Amino acid sequence: MKLRRLIIASLLLFLGAAALYVLRLDLLVTRQFEGRRWTLPAQVYAAPLELYAGLPLSSADLERELRRLKYRRADQLARPGTYRRSGDVIEVSLRAARFADELRAAQLLTIDTDHDAISRLRDGTGHEVPLARFEPMLIGSIFPIHGEDRIIVTPAEVPPLLPAALKAVEDRNFDTHHGIDPLAILRALWVDARAGQIEQGGSTLTQQLVKSYFLTPRRTAARKVREAIMALLLEAHFSKTDLMNAYINEIHLGQDGDRAIHGFGLASEFYFGKPLAELDLSEIATLVAVVRGPSYYDPRRHADRALKRRDLVLKLMADQGIVPAADARHAQAQPLNVTARAAGAYFPAYLDLVRRTLRRDYREQDLTETGLKVFTNLDPRVQSMAERTLDRELARLDRVHKQRGAPLQGAVVVTAPQSGDVIAVVGGRDAGFDGFDRALDARRPIGSLVKPFIYLAALETGRYNAATIIDDAPVSIRLAPNKLWQPENFTHQTYGPVPLVRALAESLNLATVNLGMGVGLDTVARSLKRFGLEEEPTRNPALLLGALDLTPLDVAQLYTGLANGGFRTTLRAVRAVISSDDKPLKAFPVDVQPVAQSDAVYEVDRMLQEVMERGTGRPARAVLPQGFTVAGKSGTSSDLRDSWFAGFSGSDLAVVWIGYDDDRVTGFTGTSGALDIWSHLMASIGGTAWSTPLPESLQEITIDYPTGLKAQTGCSDDLVSVPVPPGTDPVLKPGCPGAAVPGVGTAQSLLDRAGKWLHDLTH
Amino acid sequence: MLVAGFAVGCSMVSPPYQQPSTPAGDGRPEAAARAPSSASSSGSAQPGQPPPQPAREYKLGPASAALVSQAHTQAAAGNPDLAAATIERALRIEPANPLLWIELGAVHQGAGHYAQADSMAHKALQLAAGDPRAEASAWLLVAESLRARGRTAEASEADARAHALGAR
């Protein structure tokens with residue numbers, strides 16, 4: 001009697017405890033499922049390609065851009081994401097797309113091209129339209145360190161074959177079971193016993209979902225029980241459709257360094273570079289194959305295994321009547337088709353800049369969890385050109401100067417100087433590798449890159465112009481009672497009296513130091529600050545030769561001001577941020593501010609063109625197209641540790657740095673190292689030539705380039721045209737018409753001019 | 001809006017802008033086009049004189065013109081941020097067209113960003129050298145932005161420059 005009561009009591013107690021346990025699990029399960037189900041990393045997009053009549057892109061170029069966005073060539077424009085090309089005409093079925101300022105529906109676009117440029121755009125009704133754009137490419141997301149990354153898809157965005165395939169392979173009775181499938185477990189045990197290894201799991205999709213939500217992968221009996229109870233509870237509360245959708249968005253499908261690839265939406269982009277809705281049978285089967293073991297069946301690293309399992313998936317689909325056997329066989333004949341490297345997160349240096357920009361306005365959690373959409377200025381075309389050019393040229397330079405130790409490194413920043421858009425950032429070789437970002441973090445002495453700002457400061461005093469003669473003569477400056485600074489020219493020679501234009505073009509150190517000391521270190525330091533340095537540099541005479549450590553991005557900020565006519569233009573990687581429900585949150589508008597006299601900047605820009613024509617930038621002429629006017633400056637740090645080149649056309653500015661991470665001597669000057677990369681990059685970008693109109697306050701004169709004396713065709717074999725303020729009238733070169741003919745009435749004015757020349761010379 | 005109207009007034013009919021300006025002869029861009037302009041349209045022209053013959057005349061390409069008119073609609077609907085973003089799209093197509101800088105400046109002026117409007121008007125002036133109509137619109141914008149900041153004397157000077165260049 002007593003015993004029976006005891007048994008009943010303990011049984012009741014046990015049931016009570018079990019009920020409590022189940023209740024707790026129930027709470028946990030519903031909360032997880034109904035509450036914030038997934039944290040959504042911010043999605044980052046490149047700039048969309050704007051199309052308009054006159055844009056210099058051929059039909060082949062356009063096709064390349066479409067392929068970059070994973071459009072497929074098709075005979076029929078059946079669905080968005082396809083295009084048809086016949087000769088010079090391309091018809092595109094554009095996908096629906098979200099832009100920073102517009103939600104665009106899927107639509108047809110016809111692009112006519114003529115002689116390597118777009119000649120006409122027409123919409124789906126055949127009407128001509130002034131412009132259109134391709135959708136912005138997804139370039140990555142901002143996910144927490146060691147965190148999950150995913151792109152959420154709605155059931156409408158899921159191709160129906162995917163859930164069908166998942167059921168066929170993972171959970172045949174999904175539609176009817178209540179969360180667990182005892183038959184499947186038995187089958188799995190039997191298959192296991194026979195094959196000696198796990199070929200088929202006994203877990204339902206619901207159990208897999210629970211495991212992914214809550215549990216560590218450790219397999220213990222207790223966990224199995226807990227998992228089963230939770231699966232039953234989930235099924236009791238939610239519909240099969242909801243559970244399938246949750247599964248599709250939740251499941252782990254790959255690893256990319258610290259980044260865990262979750263859900264089929266992201267996996268589709270990660271492995272195939274296109275939206276889930278556009279996958280074909282073979283590609284869907286590949287993703288379903290990966291479910292079973294994302295690292296074991298990694299289609300990039302273990303293509304053979306992945307292929308075998310994909311074929312098994314296809315066979316199961318055919319066996320169960322989901323697809324006709326012929327279709328399955330056809331799909332089995334396809335290659336895996338995964339992209340060479342993962343789309344997204346492969347512009348780490350650029351994303352780094354985006355992240356740093358956003359951290360000023362957003363908390364880390366906002367970025368990694370709330371599904372922001374971030375629209376950037378990255379130009380994928382220019383970015384990949386910059387990466388390729390840097391890799392190729394560094395490999396070549398490594399062969400030229402073979403050194404032991406880590407290979408030569410480099411960084412590139414490209415901007416659109418008028419708007420301040422940062423359009424490409426390369427942080428090192430193997431740009432896909434998310435390592436040390438040299439473009440943003442390598443602070444190196446800039447050498448002669450500082451010089452244009454000294455010349456600008458000099459011109460702004462009104463005491464100098466491009467034709468003014470300065471003395472390239474030995475310099476000796478006492479820095480401390482027993483410390484004498486005696487810089488030299490690169491060639492260890494001195495050049496005597498030279499015009500400003502030549503001193504800058506040939507990067508003469510002594511002339512520049514003399515000029516800078518005449519202008520004053522204060523003035524030079526302030527000028528640099530105005531152009532965008534965060535702090536005024538130390539007033540050390542060595543500043544005049546570039547004893548100033550800056551990152552390539554800092555240099556891009558400074559030179560963007562020169563390229564934009566003396567307007568400091570805030571560099572910006574991000575254009576706009578919108579919320580997950582498409583509300584505009586933050587815009588980063590163009591921001592320009594005049595920081596220098598525009599005439600003086602014009603003169604400096606013209607002198608920087610002579611760098612390219614006659615000076616240290618001259619080798620670029622062999623690479624750049626004829627008539628493509630560019631301006632630029634080389635920089636080399638002491639002992640050839642850092643090789644720089646910074647310069648611009650009318651539409652693009654590029655800064656290139658190369659050197660070793662451990663600061664070893666490279667053996668390259670700016671000209672022999674960075675310039676090659678710069679000029680090849682500028683040539684492939686194309687763009688427009690530099691052409692700012694001559695300011696009304698300046699006039700052109702021609703001078704003899706070596707001496708700076710006034711000259712004209714016939715009396716000098718090295719003429720250069722320079723813009724100078726009116727009234728500037730250098731001494732005439734002997735032998736030029738109108739020059740010193742003794743005994744004529746111009747003798748007095750000649751004397752005046754000679755006096756002025758001498759005066760200039762002593763300055 | 002006055003400024004914007006003036007700028008759009010001289011638009012719509014040009015070939016696309018993107019092609020690199022091929023320098024003539026001496027390897028310097030547009031040296032030939034520049035020479036007469038610096039003589040004919042110096043900023044100190046007197047009121048009452050007939051406006052100088054334009055040495056060049058900026059126009060908006062069709063794509064920019066479409067974007068500018070879209071921006072006007074957006075600005076009129078009280079959405080200056082969107083309007084600015086739309087004109088920035090046009091600026092990516094024609095970064096050196098002073099008319100677009102005037103348009104962008106006008107949007108900022110309308111949104112109360114007077115200093116930014118002033119900067120953009122000056123950016124336009126730099127690019128517009130030799131095009132008195134564009135220069136005149138830029139000076140009108142300078143005047144507006146100065147007036148909005150209470151700098152009336154300087155504003156009148158800017159206005160006078162605009163009128164000397166032929167602004168009505």
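The crossing of helices α16(A) and α21(A) in this predicted model is right-handed, meaning that the near helix is turned clockwise from the far one by less than a right angle. Helices here are DSSP runs of H or I with at least four residues, strands are E runs of at least two, and both are numbered from the N terminus. The axes of α16 (residues 451-460) and α21 (residues 598-613) of chain A come within 9 Å and cross at roughly 140°; axes are lines fitted to C-alpha atoms over the stretch in contact, with angles from 0 to 180 degrees between N-to-C directions. The pair is therefore oblique, the label left over once angles under 35 degrees (roughly parallel), over 145 (roughly antiparallel) and 65 to 115 (roughly perpendicular) are set aside.

On the α16(A) side, residues including Tyr455(A) and Leu459(A) meet α21(A) residues, among them Val604(A) and Met607(A). Contact means C-beta atoms, placed from the backbone, within 7 Å.

Then there is the contact between the chains, which takes 40 residues from chain A and 39 residues from chain B. On the chain A side, β2 (50-52), β26 (584-587) and β27 (592-594) each supply at least two residues, and β27(A) gives the most, with 3 residues.

As for numbering, residues count from 1 along each chain as its sequence is written, while chains are lettered from A and ligands numbered from 1 in the order written. Because the model is predicted, local features need pLDDT of at least 70 and side-chain atom pairs count only at pLDDT 80 or more, whereas totals for chains, interfaces and linings use all residues.

Conventions
Two residues are in contact if their C-beta atoms, placed from the backbone, lie within 7 Å.
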